[in-house]
Amino acid sequence: MPFIQALGQFSYKVGAGNFCLVHVSLVPVLNCVGEQKTKPTQHSVRGLRGQGLAPHILACRSTMGSNTIASQVLDEAAKGKLSQFCLIPGENIITLYDVPNIWHIPLLLRDQKAHEAIFKVLNLNCVIKEPRLDEWTNRAEACDLLHEPVRIALVGKYTELSDAYLSVLKALVHASVDCRKKLFVDWIPASNLEDATAKENPDAYKAAWKLLKGAEGILVPGGFGDRGVQGKILAVKYARENRIPFLGICLGMQIAVVEFARSVLGVKDATSTEFDPNTKSPYVIFMPEGSKTHMGGTMRLGSRRTYFQTKECKSAKLYGCRSFIDERHRHRYEVNPDFVSRLENAGLSFTGKDETGQRMEIAELPNHPYFVGVQFHPEFKSRPGKPSPLFLGFIAAACGQLDVVLQRCSNVDSNSLLKVPAIKTYQKKSSLKPSYRREYVLESVKGLNF
C-alpha cells in the first residue's frame, strides 16, 4: 500500500504525459465453460483508481491450460468488457500468453503495438519508430530449435526455491544459447551429499550423487550460513578430482579454497571463520574493515575492480585479455591473505586480485579443464546476446567448446567488450509451430529444462 501511495504522488508531481502506468492482471478461465472472466481485473483497476492511479495500459495474462495460442489470446468480448468498465481504449489492452521462451515477449509486445500505445500516453508520437528486433527475433527462434543438451548441477542451500538463484539461472541460459546448447539444470541440495543424509535418507543421498555424477558441469553459487557446507566441499572435490568443469561464485570460491587446503595441503581442519569463529586454520576470514556487531550495510557491495595477475589464465582470456575488470560484489568474508603463498605453491593460482593485492578475487587451477572461483558475482552483468564471460567459459568447457570460445574472446572491440556475433537464423525450420509452454519446467529428477 505505501508503494501505491508513493506511486500516486509521483504521478501527480510529474503530471500527465510524463507518466505511463501499465497494469498487469490475470484473466482467469473457468475450465467448465471456457469463458475468460474479466471481473478480477475490473476490481483491481477500481482499487487502483481508489488510490488515485488510473492505468493507461492493461497487460492481461490469459491461459486456458492449452498449448494453442488461439485459446490463450484475449477474445474480443473480454477485451470489450475491459475497455468499457476499466475506461481504457481497446488498443491499449494487450494479451500476454504463453510463449516458448521469455525472449519472445518483446516480439509479442511489438506485434500488438504496445510501443505505440506507450508513445501515445507519453506524447512521444514524433519519435515513433518500428522496433528493430531482427537480431532478437533470430535469437529467440534459435533458442526454440536448440536440442543438444548440456547438463549442469547446481549445488546450493536454497534449491527448493529456484528464484533464489534466478540471476545465476539466467546467466546459464545466456551462455548455453550462445553455445547452441539446450540447458538442463539439476538442483542438488548440498546437504543431501553429506554422510548424515546417507544415514537418515539413503534415497535422497543416492539421488543427489547420481545427479552430480551425471553432470557435465558443477556450479556452487553464493550463500550464507553453514548448512550444507560439507556437501558443497564434497561437490567441489568431485569436480576437481574428476576434472569436471567447475564454477564457484562468492561462497563457492571460498568453499573451493577450503577444499583445496583440506585435500591437497592436508589441513584437515581448514575452514572459514563464518562456520567456526575459533578455528585454528582460518583459510577464509571476516574482512578486516567489516563490523561484526552492525551487520546492516557493512558488506563489500557494488562494483569493484579486479586486476589480472597474468593474461595467460582462462579468466583473463575470457574477458578479452584485459588488464582489469569491474564486477559487482556482495560479501563479508574473504580468502585469508596469510595463506595465499602456501595455496599458490601447491598449485592453486589466484589470477585476479584487488588494487591492494591482498584481496583474492579469482582462483583457478591451471592444469584443470575449467576450475574457476570468483569472489564477485558475474551473473549480475550477464545479458542476452552478451553472456557473462565466466559463465560462457563454464558452459563452453562443459560441452567441449572452450578452445573455440577462448579464441573468439581474444577479439575485443573499442569499448573492451566481448564481440559476440549475432546468432544466425537457422536455414532449416520446422513447418510445425512449437508447442507453447512456460519458460521453464521444474522437475525433481530431470532438473530445470530451458
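**Entry: ground rules**

I am working with a predicted model, where local features need pLDDT of at least 70, side-chain atom pairs count only at pLDDT 80 or more, and totals for chains, interfaces and linings use all residues. Residues are numbered from 1 along each chain as its sequence is written, and side-chain values use heavy atoms, with hydrogens and water left out.

**Entry: the whole chain**

I began with the helices and strands. I found 15 helices and 19 strands in the chain. Both are DSSP runs numbered from the N terminus: helices are H or I with at least four residues, strands are E with at least two.

Next I looked up burial. Of the 450 residues in the chain, 49% are buried. Buried means under 20% relative accessible area, exposed means over 50%, and partly exposed lies in between, with a 1.4 Å probe and protein chains only.

Then I checked contacts, meaning heavy atoms within 4.5 Å. I took the contacts in the chain with a separation of 6 or more, and 68% of them join residues 24 or more positions apart.

**Entry: the sheet with β1**

I looked up an open sheet of three strands, in the order β1-β4-β5, with parallel pairing. Two strands pair if DSSP finds at least two bridges between them. Which strands stand at the edges? They are β1 (22-27) and β5. Each has a single partner strand, so one side of each has no neighbour in the sheet. Neighbouring strands here are turned by 25° against each other on average, direction ignored.

I went on to the bridges. β1 runs parallel to β4 (residues 57-62), and six bridges join the two. I picked out L26, which stands opposite R61 in β4.

A helix belongs in this picture too. α2 (residues 39-50) lies across β1 and β4, and runs at about 150° to β1. For such angles, axes are lines fitted to C-alpha atoms, for helices over the stretch in contact, and angles run from 0 to 180 degrees between N-to-C directions.

**Entry: the sheet with β10**

I then turned to an open sheet of three strands with mixed pairing, in the order β10-β11-β14. Its edge strands are β10 (271-272) and β14 (333-335), each pairing on one side only. β10 pairs with β11 (residues 282-286) in the parallel sense, over two bridges. I noted that T271 has P282 in β11 as its bridge partner.

I followed the chain past β14. F339 lies in the loop between β14 and α13 (340-345). Which residues does F339 touch, leaving out those up to four places away in sequence? It touches P282 and Y283. I also looked up F339 and V284: they are 55 residues apart in sequence, and 9.3 Å apart in space, C-alpha to C-alpha.

**Entry: helices α14 and α15**

I looked up how these two helices sit. The axes of α14 (residues 389-398) and α15 (residues 402-409) come within 8 Å and cross at roughly 150°. The two are therefore roughly antiparallel. That word covers angles over 145 degrees; under 35 is roughly parallel, 65 to 115 is roughly perpendicular, and the rest is oblique.

I listed the residues that meet: L392, G393, A396 and A397 in α14, with L402, V405, R408 and C409 in α15. By class, this contact has six nonpolar, one polar and one charged residues. Ala, Val, Leu, Ile, Met, Phe, Trp, Tyr, Cys and Pro count as nonpolar; Asp, Glu, Lys and Arg as charged; the others, Gly among them, as polar.

Among the buried residues are F391, F394 and I395. After α14 comes G400, with a positive phi near 75°.

**Entry: positive phi**

I found a positive phi of about 55° at L87, although L87 is not a glycine. L87 sits in the loop between α3 (76-86) and β5 (93-96). It is exposed, at 63% relative accessible area.

R243 is not a glycine, yet its phi is positive, at about 55°. Its place is in the loop between α10 (229-241) and β9 (246-249). R243 is partly exposed, at 46%.

**Entry: cysteines**

C399 is buried, at 18% relative accessible area. C20 counts as partly exposed, at 22%.
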